[in-house]
Amino acid sequence: MSITIRPYQEGDAHDIAELYNRHRDNPNPVAGGITGDELERELAERDTATFLIAVDEGRVVGTFGLFHSTGRRSARAGELIADMFFVAPAYRNGVITGRLFTEAVEWMMRCGCLVLRLTVNPANTVAFKLYRRVGCVSVGETVPGEDGNVELHNYIPLILRSVFHDLDPEALAALGQLSSFGNVAGGRDDELRSDVRVVDGIRTVAYALALGEFKLDATIDVDRGLMLDAALTTPDGATRPLKIAEPPYEVRIQAPAEPHRFGDSGLTAELDTAEGTLTVHAEGHHGPVFVSTWPSAEADRSAGWREGQARELEIHPVEHGVQVRETTGGNRVTGTLTLHRGVLEQEFTYTTRPGRIFQTVGLRQGDFALTGPDTVTVQHPIGTGIGVRDTSEVVAAAQDAPAGSTLAWTDGATRISLPAAGPVRLIHTTLVERHLEPDADGTARLRTDFRTGADHATTPRTTTPRTTAAAEPATGERKVTVKANAGGITSWTENGTKVLRSPAPRTRAFGCNPRWSAGAWVTLEHHRHSLATGLGWGVPTVHEWEQKHPLGLAAPQERISWEVTAPEQAAEPVRIDVHAPGADEETVLWLTPDTPAGTAVVLHSAGKRHELDATAFRQVWASAAAVRLTSGRWLHLAPATDGPGAPEIVLRTTSSGLLIGCATAATEAAWQLSVHPAPAI
């Protein structure tokens with residue numbers, strides 16, 4: 001076995017695609033696989049800094065990419081985003097993983113991009129431990145968001161380049177002998193917790209690096225990407241401070257400012273003055289109904305749909321909207337954004353073609369339709385059908401909308417339509433990518449139409465179906481067990497058959513949650529419409545519950561409690577009441593029902609009833625749901641009352657099974673659960 005690590009070459013794309021398609025645990029899965037052409041296009045559109053591949057006798061066995069953007073996120077000055085870090089299983093116990101990482105870090109030090117960012121599924125404990133071992137730290141969210149990952153940063157390139165000029169010859173020699181960073185960084189555990197410590201109002205992380213027998217201690221200002229101090233300890237125990245060289249970049253930090261607001265007809269547009277993101281809100285809808293990123297004067301600095309970067313923007317009011325201008329390095333892009341009578345118009349002029357735009361539709365329930373130029377319409381419930389190839393990891397695998405077609409979404413109260421006059425790609429059913437194509441006059445124009453209000457609504461948003469008379473509850477004896485040490489319901493049986501799956505008394509990984517310990521539990525999460533994260537994965541936010549009574553748990557310090565009302569006879573529904581007076585975003589009741597793979601699901605979504613196979617979706621939202629259990633019976637879930645907080649139910653299919661979240665923005669919530677011989681909605 002002779003492993004060679006080299007930069008990507010033309011013609012490698014197909015071999016890399018084959019490597020990814022052979023292994024389901026690759027970091028960028030695409031349903032149905034990815035083609036070499038799609039991979040090649042993805043590397044170009046991310047403005048790849050470098051892409052390393054590991055080759056064994058001509059076969060590609062590993063990859064490591066460094067990018068300026070990934071679609072989801074974009075890097076700040078001095079940063080690069082690591083992705084597509086993958087090693088074939090047969091090679092994971094050798095040195096190839098460390099060598100790929102080490103060569104990537106050395107490349108960063110040479111090019112002057114000194115902060116490495118990456119994301120990892122925390123339930124992938126092997127990968128998570130590896131990243132922690134090579135010096136990756138948590139400076140932001142410590143639990144996975146809707147995308148299933150947490151982000152880690154690595155500042156070792158910044159540290160070494162900043163003090164290189166002041167290291168002793170012996171320390172330099174020790175540094176030169178390093179072949180891997182696997183044993184350089186110490187002191188990191190495998191817990192999902194922040195490594196940030198606030199010192200004199202500055203968010204910092206501390207590093208202790210071992211360079212042979214030398215020890216290098218350093219402190220990083222994580223918000224500005226700067227070294228604050230460093231000291232070298234020699235083998236004889238003597239310590240001296242090191243001189244710090246300034247990095248070859250400056251991170252732009254802008255203070256939060258009020259957004260510019262404009263609009264009419266029940267619609268309000270808000271422009272983020274720091275990064276140029278535009279959001280549109282409709283009366284009565286929880287969260288924005290539409291989000292559009294700023295294209296950027298630098299094509300390789302396109303904002304991601306999860307995160308943009310602070311920019312120098314000139315903003316001037318115009319009739320019904322604003323004009324935004326960005327000038328960078330001689331490039332200029334000007335956008336005129338107006339919202340009037342339900343029409344959002346975005347007009348752009350530019351000196352050099354700017355980056356791409358991502359637009360997110362905020363309707364979670366309802367239908368999506370694609371009408372082609374030949375008037376043939378394809379319609380699906382939102383979250384299913386067209387575009388759901390799970391392409392959010394690799395945007396280039398998205399589906400092109402035919403030129404001249406129209407994309408439309410409706411939830412019964414709001415309708416959003418988008419004519420595909422220029423290039424439009426469906427990443428998934430509520431996320432599109434658009435490139436700017438100029439008209440004859442040199443202006444690129446995008447149009448989005450909104451229809452809201454009683455004249456459009458077919459059903460009120462808050463309509464929640466109740467159990468149908470034809471689906472009588474199952475009968476028999478019910479047993480429900482709640483355990484404080486598991487943080488939830490560990491067992492629920494109806495007439496001796498299981499309703500929920502639970503690993504209790506053990507803790508396991510489920511989907512992207514590394515701490516699954518109960519069949520039903522409650523967490524506090526970010527808003528389901530959060531641009532940065534979306535709804536999380538139920539990683540416990542309370543680590544010690546108190547048992548108020550046999551079916552009730554409380555966490556007084558976090559100001560959250562919940563209790564189960566479970567009549568002994570199964571003919572009566574189970575009710576779960578959640579009290580979270582301190583919650584400022586979402587409270588979620590999570591469940592892992594005992595279902596077979598690819599089980600049947602019945603949804604009530606935006607006034608319509610849908611029958612689905614769980615293999616047909618990745619994530620869907622509903623006002624009520626029924627899922628077929630392994631026993632053949634059906635578990636029905638719905639809000640117990642039509643209260644505030646926009647209660648909704650999300651269903652996610654994972655390799656671990658079906659995960660259900662009952663979410664509300666209210667501080668008090670009640671959910672009704674019951675088991676029936678047939679679907680109950």
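Asp200 counts as exposed, because its relative accessibility is 76% and exposed residues are those over 50% relative accessible area, buried ones those under 20% and partly exposed ones those in between, with a 1.4 Å probe and protein chains only. The residue is found in the loop between β8 (197-199) and β9, where helices (H or I, at least four residues) and strands (E, at least two) are DSSP runs numbered from the N terminus. The model is a predicted one, in which local features need pLDDT of at least 70 and side-chain atom pairs count only at pLDDT 80 or more, while totals for chains, interfaces and linings use all residues. Residues are numbered from 1 along each chain as its sequence is written, and side-chain values use heavy atoms, with hydrogens and water left out.

Backbone geometry is considered next. Most residues other than glycine have a negative phi, and most peptide bonds are trans. Asp200, however, has a phi near 55 degrees, a positive value in a residue other than glycine. His320, likewise not a glycine, has a positive phi of about 70 degrees and is found in the loop between β17 (313-318) and β18; with a relative accessibility of 33%, His320 counts as partly exposed. The peptide bond from Ala504 to Pro505 is cis, with omega near 10 degrees, and Pro505 lies in the loop between β32 (497-498) and β33 (508-510).

Strand β18 (residues 321-328) is joined to strand β19 (residues 331-340) by 8 bridges, and the two run antiparallel, with Val333 in β19 as the bridge partner of Glu326. These two strands form a hairpin with 2 residues between them, and in its turn Gly329 has a positive phi of about 55 degrees. β19 is in turn joined by 8 bridges to strand β20 (residues 343-350), again in antiparallel fashion, and Thr338 stands opposite Glu345 in β20. β19 and β20 also form a hairpin with 2 residues between them, in the turn of which Arg341 has a positive phi of about 55 degrees.

A further hairpin is formed by β22 and β23, with 5 residues between them, and Thr375 in its turn has a positive phi of about 70 degrees. The pairing of strand β22 (residues 367-371) with strand β23 (residues 377-381) is antiparallel and extends over 5 bridges, Leu370 standing opposite Val378 in β23.

An open sheet of 9 strands, with antiparallel pairing, has the order β36-β37-β38-β39-β48-β45-β44-β41-β42. Its edge strands, each of which pairs on one side only, are β36 (546-549) and β42 (608-613), and the twist averages 20 degrees from one strand to the next. Within this sheet, strand β37 (residues 552-555) and strand β38 (residues 560-565) run antiparallel and are joined by 4 bridges, with Trp562 in β38 as the bridge partner of Leu553.

Among the helices, α3 (residues 96-111) and α5 (residues 156-163) pack at an angle of about 50 degrees, with their axes 9 Å apart; axes are lines fitted to C-alpha atoms, for helices over the stretch in contact, and angles run from 0 to 180 degrees between N-to-C directions. The two helices are therefore oblique to each other, since angles under 35 degrees count as roughly parallel, over 145 as roughly antiparallel, 65 to 115 as roughly perpendicular and the rest as oblique. The contact, meaning heavy atoms within 4.5 Å, is made by Val105, Met108 and Met109 of α3 and by Pro157, Leu160 and Arg161 of α5.

Helix α5 is mostly covered, with 7 of its 8 residues buried, namely Ile156, Pro157, Leu158, Ile159, Leu160, Ser162 and Val163. The elements that cover these buried residues include α3, β7 (150-154), α6 (169-176), β9 (202-211), β10 (214-221) and β11 (226-233).

Pro235 is found in the loop between β11 and β12 (239-241) and is partly exposed, with a relative accessible area of 49%. When residues up to four places away in sequence are not counted, Pro235 touches Glu213 and Phe214. Pro235 and Thr430 are 195 residues apart in sequence and, from C-alpha to C-alpha, 58 Å apart in space.

Notes. Two strands pair if DSSP finds at least two bridges between them.
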